[in-house]
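Here are my notes on the model you sent. Please read them with the structure open.

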Amino acid sequence: MKSLAAICWGINEPWSIEEIDVDPPGPGEVLVEWAAAGLCHSDEGIRTGERVTKEEEATRFPMLGGHEGAGVVSEVGPGVTAFSPGDHVLANFVPACGRCRYCATGRGYICDDNKGFAQRGQLVGGLIKHRARGQDLFVMAKLGTFAERTVVSQASLLPLDADLPLASACLVSCGVATGWGSAVERGGTRPGDVVVVVGTGGVGYSAVQGARNAGAKHIMAIDPIEQRREMAHKAGATSAAASIADGRAEVAHLTNGQGADVVVLTPSVVTGQLIHDALEITGKGGTCVVTGMAEHGVQPVPMDIGMFALYNKQLLGCLFGSMDPRASAPRLLGLYRQGLLDLDGMVTKYRLSDINEALSDSNEGRNIRGVLTMTEG
Ligand SMILES: NC(=O)c1ccc[n+]([C@@H]2O[C@H](COP(=O)([O-])OP(=O)(O)OC[C@H]3O[C@@H](n4cnc5c(N)ncnc54)[C@H](O)[C@@H]3O)[C@@H](O)[C@H]2O)c1
Ligand SMILES: [Zn+2]
Ligand SMILES: [Zn+2]
């Protein structure tokens, strides 16, 4: 069958909207009609080549983008028991097989099946099912939500209540879970804490919301873009600065010179120097969470190792907010229903054909999260 989709043909090429061929769902697979897809920087990291080595380049392009999304099941393949046509679903970029040792211990975010994330082909079996101009596509995170429809494994989907607005709910499938969990689960924010969030795009904005809900006394938003800093106040930030250097004196003032309890790094690109700066404002017994991604390859991280040890600090990596997607999605959507988590206010809608405009708005901080809408206005 045919589908309109956003394809990137090579590093730094703009998204091109074109018709692609999609094969029918095989065993364990589901054909999803995507209704909404959020623009997360992780797609952009591949498009710009930031996260692609020379050797990987040939395997990443042409790329069908998108890993944040919500839609409706239109057809199921043999043996699919979890979903039926008409069901509403969320994309799930961490497949969470339910059987590996990580899934079995509640850590579905580091499921063994994630290893296929950057490879071509379907999650199970590796067949190619999506083609543009006759060429095989690399499908982002085995999802490819920047399309009217794709075929995905049932493990790459989560059930979604049919009454929830798809454009808002879709954010829970990456940015919101990742940011919220970075502050609350991985960072362990507790009532009365001083929290600093570095980079307040869709992920950082959600970290600020998480910290506020966990009872943080003070939340500083750090972002070079003024509009992003202003928007962060809506999420619960109590102060803001354009850089860690600019915010440093305020962090010292707020903590009696001791430093922040939790520092969450969610900028577009993390560098070794930024980790150094973040550790400098992380206080005694504090936690620094690295959620944002870096350019590919190894980077030195300059750090005062003595102070790191003596101050009993923690430096932690974080995938998907360190939350099991099957547990976190209903929990976060429950908070949304209660009015404790704002999703609607994060969304700026664009048509699929306006993806390049949505991306420049996002890169220049004119929105919090651009959401492509395939079926709603
Ligand atoms: N670990 C995970 O599971 C996971 C999941 C999703 C996204 N990510 C990563 O999280 C990061 C944020 O994603 P996003 O979609 O919110 O991106 P985004 O581009 O929407 O927002 C990033 C923000 O960081 C700001 N920024 C850039 N450099 C900065 C700096 N030096 N100091 C402070 N702020 C800075 C930008 O102005 C922007 O507002 C990206 O690196 C993305 O790839 C990781
Ligand atoms: Zn993402
Ligand atoms: Zn698993």
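The points below go from the whole chain to the metal sites, the sheets and the backbone.

1. **Ground rules.** This is a predicted model, in which local features need pLDDT of at least 70 and side-chain atom pairs count only at pLDDT 80 or more, while totals for chains, interfaces and linings use all residues. Residues are numbered from 1 along each chain as its sequence is written, chains are lettered from A and ligands numbered from 1 in the order in which they are written, and side-chain values use heavy atoms, with hydrogens and water left out.

2. **Overall build.** The protein chain has twelve helices and 19 strands. These are DSSP runs numbered from the N terminus: helices are H or I with at least four residues, strands are E with at least two. The radius of gyration is 20 Å, close to the 21 Å of the globule rule for 377 residues, so the chain is as compact as a globular protein of that length. That radius is taken over C-alpha atoms, and the rule is 2.2 Å times the number of residues to the power 0.38. Along the principal axes, the C-alpha atoms fill a box of roughly 65 × 45 × 40 Å.

3. **Burial and contacts.** Of the 377 residues, 57% are buried. Buried means under 20% relative accessible area, exposed over 50%, and partly exposed in between (1.4 Å probe, protein chains only). Take the contacts between residues at least 6 apart in sequence: 71% join residues at least 24 apart. A contact means heavy atoms within 4.5 Å.

4. **Zinc ion (ligand 2).** Which residues hold this ion? The protein donors are Cys40 (SG), His67 (NE2) and Cys174 (SG), 2.0 to 2.3 Å from the zinc. Cys40 lies in the loop between strand E3 (29-38) and helix H1 (41-47), and Cys174 in the loop between helix H4 (166-169) and helix H5 (175-186). The two cysteines are 134 residues apart, so the pair links distant parts of the chain. Donors are N, O and S atoms within 2.8 Å of the metal (3.2 Å for Na, K and Ca); water is not among the atoms, so sites may look incomplete. Cys40 is buried at 7% relative accessibility. Cys174 is buried too, at 5%.

5. **Zinc ion (ligand 3).** Cys97, Cys100, Cys103 and Cys111 coordinate this ion through their SG atoms, at 2.4 Å. The donor spacing in sequence is C-x2-C-x2-C-x7-C. The site is tetrahedral, with angles of 103 to 115° among the four donor atoms. Four donors count as tetrahedral if all angles lie between 85 and 135 degrees. The ideal angle for four tetrahedral donors is 109.5 degrees. Cys100 is buried at 9% relative accessibility, and Cys103 is buried at 11%.

6. **The six-stranded sheet.** This open sheet has the order E8-E7-E2-E1-E4-E9, with mixed pairing. Strand E8 (135-136) and strand E9 (138-139) stand at the edges with a single partner each, so one side of each has no neighbour in the sheet. Strands E1 (residues 2-8) and E2 (residues 16-22) run antiparallel, joined by six bridges. Two strands pair if DSSP finds at least two bridges between them. Ala5 stands opposite Glu18 in E2.

7. Five of the six residues of E15 are buried, so the strand is largely enclosed by the rest of the structure. E12 and E15 run parallel over four bridges, with Val196 partnered by Val263 in E15. E15 and E16 are also parallel, over five bridges; there Leu265 partners Val290 in E16. Helix H9 (residues 272-281) has buried residues Gly272, Ile275, Ala278, Leu279 and Ile281. Their cover includes strand E12 (194-198), strand E15 (260-265) and strand E16 (282-290).

8. **Backbone points to check.** Most residues other than glycine have a negative phi, and most peptide bonds are trans. The bond joining Phe61 and Pro62 is cis, with omega about -5°. Pro62 sits in the loop between helix H2 (57-60) and strand E4 (63-64). Arg133 has a positive phi of about 45° and is exposed at 57% relative accessibility. Ala141 has a positive phi of about 55°, but is buried at 3%.

Key: Four donors count as tetrahedral if all angles lie between 85 and 135 degrees; four count as square planar and six as octahedral if opposite donors are over 155 degrees apart and all others between 65 and 115; anything else is irregular.
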